[in-house]
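I opened my notebook to look up a few things in this structure. The entries below follow the order in which I checked them.

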Amino acid sequence: MPPLLEMRAIAKAFPGVRALRGVDLTLHAGEVLALLGENGAGKSTLIKILCGAHRPDSGSIRLAGAEAAIRSPHDARRAGVAVIHQEFNLVPALSAAENIFLGRECTRAGFIAHGEQRRRAAELFARIGVAIDPGALCRDLTVAQQQVVEIARALADDARILVLDEPTAALSHHEVERLFTIIRDLQTHGIGVIYISHRLDEIFTLCDRIAVLRDGANVGECPVAGTTREQLIRLMVGRELTEEFPPRATRPGATRLAVRGLRRGRAVRDVSFEVRRGEVLALTGLVGAGRTETLRLIFGADARDAGEILLDGAPLRIRSPRDAIAAGIGLLTEDRKGQGLVLIHSVLENFALPNLDRFSRLGFVRGATERREFAEMTRSLRIKVSGPAQRARDLSGGNQQKVVLAKWLAKNCEVLLFDEPTRGVDVGAKFEIYTLINQLAAEGKAIVMVSSELPEVLGMADRILVLHEGRLTGEIADARTATQEQIMQLAVA
Amino acid sequence: MLPFFRRHFADYGMLLVLLLLCGFFSYATWTAQTPTGPEAARGVAREIVRTAGKNARVLIAVRQHPEDALFATALEQTLTAAGATVVETVQGEPRAARAALQRAAAAGPLHAIACNAATASWLVWPDAAADFPALGQPRVFAPATSRWPTFLNGDNLLNIANQIAVIAILAIGMTLVIITGGIDLSVGSLIALSAVLSALLIRDCAGAADATALGMILACAGGIVACGLAGAFSGGLVTVFGIPPFIATLGMMLVGNGLAYLLARGQSIYQVPQSFTWLGRDADLGGLPNAVLLMLGLYLAAHILMARTRLGRHLYAVGGNREAARLSGVPVKRVLLFAYIVAGLLAGLGGVVMASQLKSGSPTYGQMYELYVIAAVVVGGTSLSGGEGKMFGTLIGAFIIAVIQNGMNLTGVESYTQKVVLGLVIIAAVLLDRLKRHGWRGE
């Protein structure tokens, strides 16, 4: 039987970049194939070609042995290719059922047959094994539920090939488990799944085979069984990473930031904790446990119902991000593109934005000063930019994160709040960001880090706080002795 | 040098469109230009003295026409000053010229006949030597004609600048607002409000036609400040209550328009001193109209604001990503409020300029101007989604609109057709800009 999908010698160049230099990819029915590679390795371009968003410069695509011409997303959909992107393609104001049948509605005499659609949507949900009301508006669904709607849409389209791009990025541990169950079920129905993720653990749990891309070319393909983490990482980055986390040697000092009785609606309920100088405090828990919300309250991004924030024992009056920044607090948001950067502006302007007070005299920006500081910062953080005028949106995820970090370092923040600092960042850049966090801690800054990745929490933190439904449910005073199971037990408490 | 050009060409690609338009209208208005007036007269006089000598005896012939009279006077003065003798100056028909030739023949030989473009072709001249041998062989002198585009005449170019000054001044404020991701539909009706209020204050408080300069300045300041308050009100609705700018300023547009009519009781207010037209009609510095100078000064200031100051960076950041700007400590609400207040103040100033140009204040001023202003901003390359745009781009956009209107007037295109063409050109300009930035596929 011919493979479900055969991509042969796919090449694609963009102005100035050869994104793909003859990549091969084979997917068999009932197989979960992990597609791995650092950011910029060519994974997204390959997937965009598969789903018709880009057209290859050369190369061929065969579906079930037959030559296929995929010229548009419409062609791809008809050929049975469904891609679920990190950002979902759902219309928030339409119901789950309407979204599933969007573009190919069930009609009766030219009118949409809502009853029929809901019935069929309910069947699909039942087949997947998830209870979602087909009539519920998508904006009222959780991220995990929206993902299920996307999967249901793929099934409704009779997709044979399902591409999942970082599907677990916004899911809690629980929801990831359920997603895996769904994928395994699809597998038994002969659907081929291409699974893209930075989370190696997931790949070892879920996938059958691994294809690794680097710099737009295949660098390796191997079955999961018999492959080690170290081998994979080496393939991806092309160099030896002795360990994923840099060594830490810090001695926390006096209490820097203290939070007392922080409260906002149902999201954050009576949260109190302290962070000391030179300490990395991890705030973890399932998605929706109130971790991001807690950081936003400290930073003044949202108004708090109650609670006190103290710096060095003195209460702070924080009513807006401006107040927080003035007090020396910096926030790296989890949504880098939506909240951390002005994507259409240059990296220099982004870097300068919170620092303009310092970079200007009498309201006039001193161009030389900001450019000099930016140059220093790009050197010390090893940010890869073509120049200060490069637009932020043209950087890779890791470099974007470094620009955000540079903003706050130049501001000389004493307290840094990191929300998912390595989300969507490739392995090499992750390591650099970890090193930086350690360096900052060593300089005596107080760091609060929110992370969903338990290995990251265990590898980076001095102390771990676990949140569940807006409440602190546990503290692990010495992160070195903690285990993932221990954290998970507190998180689901 | 080359990167410098490349960068500025990319930034101001619309400059090319403007130059192409200028080139086209220059070509379309390429006609024979006949100089008139004192300058032309002095040229003719020089030519006569050069060829016929200092002691030349000259007859001047022009039509019965005020402009011709000016020409004749200047000619007579220049010739006399150079030592030549003007035997007679004829103002009238060929018949009168013939009589004058007869009289001159009685007095002696004639060396030159000085004409303007109209009288040089009279049939009496070729016959003069034969009819009156006593004259000798008088030569006919007339101003040299040249071929030159009417469009490129200095007066016409200044006229274009003067015509667009009001829209261009408003477009500065609109650029600020659009860069922050908003829109201000009220500026057109604020022109009327400001013009009416300023004229009203001059009539009722500053002594009508006898108003002093200070009185007029205070009255105009009143009109401008009122518009600034209107801008602050729109901005307040947008920032404090989160009302979409389109709706908030649409409301303000109606309010402003209605207020202008109420204040003026539906009439035009013209009881202002003659000197009120100083701002709109006079040209004090190097022949540049005052309104144009004011416009250029404002553009320079606005460019510096946007390119060099912290506030400018904040304006761009708020439009580029409001949440990211807020989380970076930008005082988003204050920045937005600033943009709307400036848009209001500049609309008020535009109203004062317009009242000064027309020497009255009327509630009918500025209708539809908000659309021309938005068109100028968008043609100038500012993105309606905010965060991007250049001040001088807007100036170029305003000039593109002005040049199209002026060029079509010169080439005799009727006004309805003009609107169609203007609309299509605006669409084409923006399309061109989009293609330049995003390519044909719109990626």
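**Entry 1: where the chains touch.** I began with the contact between the chains, which takes 24 residues from chain A and 20 residues from chain B. Two residues are in contact if their C-beta atoms, placed from the backbone, lie within 7 Å. On the side of chain A that touches chain B, the elements giving two or more residues are α10 (321-326), α11 (336-340), α12 (347-352) and β20 (364-365) of chain A. Helices (H or I, at least four residues) and strands (E, at least two) are DSSP runs, numbered from the N terminus. I sorted that side of chain A by class and noted 14 nonpolar, seven polar and three charged residues. Here Ala, Val, Leu, Ile, Met, Phe, Trp, Tyr, Cys and Pro count as nonpolar, Asp, Glu, Lys and Arg as charged, and the others, Gly among them, as polar.

**Entry 2: ground rules.** This is a predicted model, where local features need pLDDT of at least 70 and side-chain atom pairs count only at pLDDT 80 or more, while totals for chains, interfaces and linings use all residues. Residues are numbered from 1 along each chain as its sequence is written, and chains are lettered from A and ligands numbered from 1 in the order in which they are written.

**Entry 3: domains of chain A.** I looked up the domain assignment, automatic or from a database. It gives domain 1 (5-237) and domain 2 (255-491) of chain A. Their centres, taken over C-alpha atoms, are 32 Å apart.

**Entry 4: a sheet in chain A.** In what order do the four strands of the open sheet run? I read β14-β13-β16-β17 (chain A), with antiparallel pairing. Two strands pair if DSSP finds at least two bridges between them. The edge strands, β14 (268-276) and β17 (314-315) of chain A, each pair on one side only. Helix α9 (residues 291-299) of chain A packs on the sheet and touches β13, β14 and β16 of chain A. The direction of α9 makes about 110 degrees with that of β13(A). Angles run from 0 to 180 degrees between N-to-C directions, and axes are lines fitted to C-alpha atoms, for helices over the stretch in contact.

I then followed β13(A). It pairs with β14(A) over six bridges, and Val259(A) stands opposite Phe273(A) in β14(A). These two strands form a hairpin with three residues between them. Gly265(A), in the turn, has a positive phi of about 50 degrees. Leu257(A) has Leu311(A) as its bridge partner in β16(A).

**Entry 5: chain B overall.** I found 18 helices and six strands in chain B. The C-alpha trace of chain B spans about 95 × 60 × 40 Å along its principal axes. Of its 443 residues, 47% count as buried.

**Entry 6: two helices of chain B.** The axes of α12 (residues 290-308) and α17 (residues 391-410) of chain B come within 8 Å and cross at roughly 145 degrees. From α12(B), the contact uses Tyr299(B), Ala302(B), His303(B) and Met306(B). From α17(B), it uses Met391(B), Phe392(B) and Leu395(B). I noted six nonpolar residues, one polar and no charged.

**Entry 7: one alanine.** Ala100(B) lies in helix α5 (residues 94-107) of chain B. Why does Ala100(B) count as buried? It does so because it has 21 C-beta neighbours inside 10 Å. A residue is buried if 20 or more other C-beta atoms lie within 10 Å of its own, exposed if 12 or fewer, and partly exposed in between, with C-beta atoms placed from the backbone. Ala100(B) touches Leu59(B), Glu88(B) and Val90(B), not counting residues up to four places away in sequence.
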